[in-house]
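Please look over the model below before reading the numbered points, which go from the whole chain to single contacts.

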Amino acid sequence: MSSLHTAAAHLVTLAEGGSEHGGNHESLNPYLTGGGALLALLFLLWVTTRFNRDR
């Protein structure tokens with residue numbers, strides 16, 4: 001049980017240390033990332049509907 005407590009304490013310390021940067025990388029643009037994900041999902045939807053012409 002003490003190993004669980006130690007692991008939880010380490011995770012809390014790690015989480016507190018990561019909050020000073022906000023968790024975002026400077027090179028990541030959220031609009032570009034979201035737009036790319038949207039285009040990829042729309043492309044997969046288009047491919048899926050092209051192969052399911054029998055329905």
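1. Helices (H or I, at least four residues) and strands (E, at least two) are taken as DSSP runs and numbered from the N terminus; on that basis the protein has 2 helices and 0 strands. The model is predicted, with local features needing pLDDT of at least 70 and side-chain atom pairs counting only at pLDDT 80 or more, while totals for chains, interfaces and linings use all residues. Residues are numbered from 1 along each chain as its sequence is written, and side-chain values use heavy atoms, with hydrogens and water left out.

2. Of the 55 residues, 0% count as buried, where buried means under 20% relative accessible area, exposed over 50% and partly exposed in between (1.4 Å probe, protein chains only). The protein exposes about 5,400 Å², of which carbon and sulfur atoms supply 67%.

3. For α2, the 22 residues should span 32 Å at 1.5 Å a residue, and this agrees with the end C-alpha atoms, which are 32 Å apart; the expected span is 1.5 Å times one less than the number of residues.

4. An unreviewed UniProt entry places a "transmembrane region" at residues 31-49, and such annotations may be inferred rather than shown by experiment. That span is 100% helix and 0% strand, with its end C-alpha atoms 27 Å apart.

5. Leu38 lies in helix α2 (residues 30-51) and is exposed, with a relative accessible area of 52%.

6. Asn29 sits in the loop between α1 (2-18) and α2, where Asn29 is partly exposed at a relative accessible area of 38%. At the start of α2, a side-chain oxygen of Asn29 reaches to within 3.2 Å of the backbone nitrogen of Tyr31.

How values were computed: Accessible areas come from the Shrake-Rupley method with a 1.4 Å probe; for residues, only the protein chains shown count as cover. A polar contact is a pair of N or O atoms within 3.5 Å; within protein, one must be able to donate a hydrogen and the other to accept it, and residues adjacent in sequence count only if both atoms are side-chain atoms.
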